[in-house]
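Dear colleague,

I am handing over the structure below, and after it you will find an account of what was found. Please read it with the coordinates open beside you.

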Amino acid sequence: MEILNISNLDVCFDKNCPVKNVNLTLKKGEILGIVGESGSGKTLTALSIMGLLPYPKAQHSKKSSIKYHDIELLNNPNINNIRGNRIGIVFQEPMSSLNPLHKIGKQIAETLITHRKISTSQAQAETIDLLKLCGIKNATQKINAYPHELSGGQRQRVMIAMAIANKPDILIADEPTTALDVTVQEQIIELLLDLRQKLDMSIIFISHDLRLINRIADSVAIMKDGKIIEQGKCHQIFNQPQHNYTKTLIESHNILIKKDKTSKTLVSLSNIEVKFPQQKNFFGHVSDYLKAVDNVSIDIMEGQTIGIIGESGSGKTTLGQALCKLIPFKGGILTSGEIPQNWHKFVQIVFQDPYNSLNPRMNIEEIVGEGLLVHFPNLSAQERRKRIIDVLKEVGLSPNIANRYPHEFSGGQRQRIAIARALIVEPSLIVLDEPTSALDVTIQAQILKLLNNIQEKKGISYLFISHNMQAIKAISHQIAVMKDGRIIEIGSAEQVFNNPKHSYTQQLIKASLL
């Protein structure tokens, strides 16, 4: 039985129509995967179902129709009774979706109270159960946490808890595992499959990760340039793709293998420790600390990449921030030569969430070129403009985007802008915190190839933080595995993947192969 029918869907902004004549059906209890590059129209299609496009700027053609059972959703004045109740959604960027001013418990309870009219105490109890269901440890305490106090993976799990709170008939999952490490990815996939079975819930699963689509979906639709170019049963599409673009997507999933080589040390981290206050006593003094990074020592070699693997909350990002001297830490950071006078030119960082790391009030030229004003103040406007154009081309973006703003781009395009911003000041070391997590597989391969080429050409070093085991394996010379703030295993990429010593490392690698 069809539960959702999308027919002849067009989404237009003035004369530009990024979604054209999309036809999709979703059956009861089915999982439909939607795959395509950034900007292909996947998310716009999902937002159309929820009635969340910026109307009236966004327009649908008269022939466009989205029916939930027999209810037309387009231009439906009662969409609020369905949105968040019968149809839930998990967004790609949880930090920009969660309200930074409210505790997560209140935000999850709000949707329960709004649609089911239950008491605050009952909503709180159900909220704790939902957080536990989605793998949040210490859920009773976490309901009082603000979004910024959680890791990227934890924030996404909060979004999933919110979306499934009212046991919807349809769950739209827009890159739901993007911010999660591989073991938690598998937990979330198992959770969604379990919910599908228990609730007879249908799921639209949008992802650039073909492995996940193949793992979870019954049917799959391939999108390109706003159109569905191929669709069918998952095994049929993956085993016998007909369209050349589908073949390219599948081929792009095979990432290049990185060869190891020797080099001298660029930066040595010695006994790095980062603590965050957890509790205060009666007098307001801190009585308990959380050791996010606990006595970590590591060497980063010239012209090489060291990959950092670990679950959310293991300390990966905190270690990267300490290396960039963005947070207080104890321990030593030494370089092979003289300590650079300008550390923030020597080391740049690309953050996990590009939407929140790009200033929404600055255009792309201003964002990418800001570092030049700080570190190369003597450049003329013409020289500065040329460097901006060159670096945009390097990361696969057109110079014509220079006067546009971050909200006008897809998640993958925003991340490429963030990479361009880091590259333009010519650093010796870049901390890459999940730099490909928001990108589809073809762009992932392009970005990894780009980073490899830059490394070969300029001798730049990377600290590459990721939960994507394929990306880590493709780009890393050395790999360090982190758990509970400590490095539990370190070695060459070949050694760690082919002969892991620690049981936790073995678990991570096993989860990535599922």
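Thr111 lies in helix 3 (residues 104-116), where helices (H or I, at least four residues) and strands (E, at least two) are DSSP runs numbered from the N terminus. Before going further, please note that this is a predicted model, in which local features need pLDDT of at least 70 and side-chain atom pairs count only at pLDDT 80 or more, while totals for chains, interfaces and linings use all residues. Residues are numbered from 1 along each chain as its sequence is written, and side-chain values use heavy atoms, with hydrogens and water left out.

At 13% relative accessibility, Thr111 counts as buried, a term that means under 20% relative accessible area, with exposed meaning over 50% and partly exposed lying in between (1.4 Å probe, protein chains only). Not counting residues up to four places away in sequence, Thr111 touches Gly84, Met162, Ala165 and Asn166, contact being defined as heavy atoms within 4.5 Å. Thr111 and Lys28 are 83 residues apart along the chain, and their C-alpha atoms are separated by 24 Å.

Asn166, one of the residues that Thr111 touches, is placed in the loop between helix 6 (152-163) and strand 8 (170-174). With a relative accessible area of 7%, Asn166 is buried, and, leaving aside neighbours within four places in sequence, Asn166 is in contact with Gly84, Asn85, Arg86, Thr111, Leu112, His115 and Arg116. A polar atom of the Asn166 side chain lies 3.1 Å from the backbone oxygen of Gly84. Lys167 is found in the loop between helix 6 and strand 8 as well, but Lys167 is exposed, with a relative accessible area of 55%, and has a positive phi of about 50° although it is not a glycine.

Asp14 also has a positive phi, of about 60°, without being a glycine. Asp14 is found in the loop between strand 1 (2-13) and strand 2 (16-27), and at 70% relative accessibility Asp14 counts as exposed. As background for these backbone angles, most residues other than glycine have a negative phi, and most peptide bonds are trans.

A cis peptide bond runs from Tyr55 to Pro56, with omega near 5°, and Pro56 has its place in the loop between helix 1 and strand 4. Helix 1 (residues 42-50) is mostly covered, with seven of its nine residues buried; these are Lys42, Thr45, Ala46, Leu47, Ser48, Ile49 and Met50. After helix 1 comes Gly51, whose phi is positive, near 70°.

Tyr55 leads on to His60, as a polar contact of 2.8 Å joins the side chains of these two residues; a polar contact is a pair of N or O atoms within 3.5 Å, where within protein one must be able to donate a hydrogen and the other to accept it, and residues adjacent in sequence count only if both atoms are side-chain atoms. The His60 side chain also reaches the backbone oxygen of Asp10, at 3.0 Å. His60 is found in the loop between strand 4 (58-59) and strand 5 (65-68) and, at 17% relative accessibility, counts as buried. Leaving aside neighbours within four places in sequence, the contacts of His60 are Leu9, Asp10, Val11, Ser48, Leu53, Tyr55 and Leu74. His60 and Leu74 are 14 residues apart in sequence and 8.3 Å apart in space, C-alpha to C-alpha.

Ile228 is found in strand 11 (residues 227-233), and, with neighbours within four places in sequence left aside, Ile228 is in contact with Val22, Asn23, Leu24, Ala221, Ile222 and Met223. The C-alpha atoms of Ile228 and Phe205 are separated by 15 Å, the two residues being 23 apart along the chain.

Turning to the whole, the protein chain has 20 helices and 20 strands. Its radius of gyration is 23 Å, close to the 24 Å that the globule rule gives for 514 residues, so the chain is as compact as a globular protein of that length; the radius is taken over C-alpha atoms, and the rule is 2.2 Å times the number of residues to the power 0.38. Along its principal axes the C-alpha trace spans about 70 × 60 × 45 Å, and buried residues make up 56% of the 514 residues. Among contacts between residues at least 6 apart in sequence, 69% join residues at least 24 apart.

With best regards
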